[in-house]
Amino acid sequence: MDLERVTGLIAEESKGMNEVIVSMQHINKSFPGVKALDDVSFELRSGEVMALLGENGAGKSTLMKILSGVYTRDSGELYIFGKEYADLSPRLAREAGVAIIHQELNMCRHLSVAENMFLGRELRGRLSLRNADMEREARKYLDELGVDISPRQTVGDLPVSKQQMIEIAKALSVNARILIMDEPTSALTSREIDDLFKIIRQLKAQGCGIVYISHRLEELSHIADRVTIMRDGQYITEGNFSDFTMDEIIQNMVGREIKEKFPRVSCKKGRKVFEVKHLNAGRMVRDVSFDLYEGEIVGFAGLMGAGRTETTRAIFGIDPKESGEIILNGESLSINKPMDSIKAGVVLAPEDRKKDGLCTKLSVRQNLALPNLDIICNKAGVVRSGEEKELCDKAIADLRIKLPDTEVNVDTLSGGNQQKVVVGKWLARNSKVVIFDEPTRGIDVGAKVEIYNLMNNLKEQGIAVMFVSSEMPEVMGIADRIIVMCDGRITGELDAKATSQNEILKLATAFENKIISADDGK
Amino acid sequence: MTGDKRGVFTPAGRCEMNNRKGIKRILAIRGMGAAITAFAGLIVIYVAFGILNPKVFSGQNILNLLRSMSKYLLIGIGQSYVMITGNIDLSIGSVVGMSAMLTATLMTLGVPPLVAMLISLCCGLMIGVINGFLVGKFRLPPFIATLGTMFVARGIGYMVNGNRNTDNIGIKLGKEVGDRFQDFFYYGKTAGIYNTFWIALVIFIALFFLLSKTRTGRHIYAIGSNVDAARLSGVDVVATTIKTYLVSAFCSVVVGFILCAQAGMGNMEAGNTYEMYAVAAGVIGGVSPLGGSGLLLGTFAGAAVWQTLENGLNMVGAQVGIQRIVIGVIVVFAVLADAVLRTGNGLKKSK
């Protein structure tokens, strides 16, 4: 064959396949009180899969929301296919060829596959819609992806994996060349992941650029060409995926000084008070067993969606349990609803303070009294205000809640003080086990220390503390023991003083279903 | 590597789709199951009453039935449009009353019927636009927004004739004009069936087409199913919401004409609580008050069920109290059955 022509073709092809299609330079973005992105730069080339990595809160999603026009940046430049966009709206982004495949899928469940794919840009005849044409078009794109879905099927009847394929087909049908996939495999089985990877490779071959966000580091080796790593809203590094070892990636993701100021108190470990045996509740809580001891804080580490919150909900009786036993002081508890758990002395400070933890439109007094009304009411159900006041004053004094008056609305307090009110509700009941789910989320550093002291305080009183947190430094700094969860299972138990973040992260990404390589299968 | 697999199942799938016609294809339409169930229920109820009192089967009774169900059909269509977007319209009954009072008052003042109707229509549609803006644009809870316009429209209906029912509509226009209006909307027949039914049927077919075959219709379902997804797909949520309330107002205004023609005058309480009858007609026919699903065919069946019950219970001599109770129970059961089916037999499956 003509050698010159061949090299010419290769050059042309590589030109088409390797040009920079997205360039984001020195992007800054602040939300009230937080600098979400600090001088971040990012590049995507055609025909590549760019893995965007970072811990929770590193700014990956914010960056991608800027690229898709959902957020506007404070400063910085943004080029898509070489064209500068000063002001990018979701619609402009779509027209420029950017599509996001969301983690939580955004579809009309009642409509059919074809109807969803053509929503907002239906094909119309003179009088009515051209359904047959739309179905044919939809089928064309679905066939291109090699997925066996009828365009007539109702989307709500399809499994999540198929819905995801429809989102991808929809993106292709609007001619998207830049696909952002946010945790696309989190709800898929290994077989489905395999199919997804095949499609990603196919899209790559067609010259699409793909941004791939995932916590499952091990699956990256099957598809990622390059990586960009972010941490705390900053750009850290980028490069070819093959140039990094897994340890280097983790090092770059975690990065920060491990020892921060965490006021740990040492305390004599007492007897075993609480035991969970083979707890099962849905897909996210599978065969969970652990013990808690008096005077001990046990940290629960893991990535978002590892099943930790679900575990606390199942224990507390919010979600139904399928099987398993919960034992307090040697006695087996039957917990079917939160009140069972509260009466037994196992209490929960839930993850979303404003949604699940407090009645934000009620006063501090009313919030503190709410779970204790059975104690402070007389037989006729009338609240005895003297006892109510006593209970409030005690909680406020014990936890050093700072507030002008017990009658102020609880949402006027600072995050740290709100968290104290959440805990204060339980103190009047002589609780034995206190479960904290992400107690420091969204509060500033000073208030965090107050929460740590609060947990230490409980620990010194001989209360067993279960401390769920996605921030590894605080788990390592405050907890005595660390239990790591991944994908609904406990994947390891570590001594907090002797472990490293890398060790935790490895356990936190120890997914059960190994990815079948798409290269060798059919 | 992957390319050669394309289109493996295409030819077979396509053939199968094109050949699949007739009953199977109709059954595949979403919401058809509920509509057919409602029609089946209708037949059972009708036959049951017929057995109790054979007069139910008489030609005249069928004609009466068709005529009186037309009112419920029209308001049912309006409410169904709104309910499919996941909203509700409580102003229906008041717009009916306002329309009846306005039309009648204007005619007693000597305004020609066509002009009077046009003015009423404009006023009614105004209420629809206001509802649509409050709900679509300003995102008020539809219950509150249309509760407000419900009182306003009823108030206007009271005021137009100075807080009194009107005189006979022919008082100034002459008996002949008045009779013609009454015949056109209520007493006259075309091809052996009362005009009222023909009017309702024409509107039904037009709005059925709009909902099931056009882009607007598609957007109405999309908004009720997932308003955010619809917005992100480029659907104009505000305009579509306004359209549904306009349809609802239009249907209500026409029912106002019918009631005016039936009485030959304007009654201040015309259309009272019709908005609830409209909800019932839609819900019995399988329109989900939560939005996203339902067919107007179901609403047709629902309106017929409602009227057959009223008519049948009357014919067998049941007192009004019993009628209300039976109707109430049927509405709740229709929705309960839907809720239980939707969650897949909710009670049994939770292990």
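**View 1. Who touches whom within chain A.** Take the contacts in chain A between residues at least 6 apart in sequence: 68% of them join residues at least 24 apart. Here, a contact means that two C-beta atoms, placed from the backbone, lie within 7 Å. This is a predicted model, where local features need pLDDT of at least 70 and side-chain atom pairs count only at pLDDT 80 or more, while totals for chains, interfaces and linings use all residues. Residues are numbered from 1 along each chain as its sequence is written, with chains lettered from A and ligands numbered from 1 in the order in which they are written.

**View 2. The inside of chain A.** Of the 522 residues in chain A, 45% are buried (20 or more other C-beta atoms within 10 Å of a residue's own, C-beta atoms being placed from the backbone). Along the principal axes, the C-alpha atoms of chain A fill a box of roughly 90 × 60 × 45 Å.

**View 3. Where chain A meets chain B.** Here 24 residues of chain A are in contact with 25 residues of chain B. Helices H5 (131-145) and H7 (190-205) of chain A each supply at least two residues of that side of chain A; helices are DSSP runs of H or I, at least four residues, numbered from the N terminus. H7(A) gives the largest share, three residues.

**View 4. A helix in chain B.** Helix H6 of chain B, residues 113-137, has 25 residues and reaches 35 Å from its first C-alpha to its last, close to the expected 36 Å (1.5 Å times one less than the number of residues). After H6(B) comes Arg139(B), with a positive phi near 55°.

Notes
A residue is buried if 20 or more other C-beta atoms lie within 10 Å of its own, exposed if 12 or fewer, and partly exposed in between; C-beta atoms are placed from the backbone.
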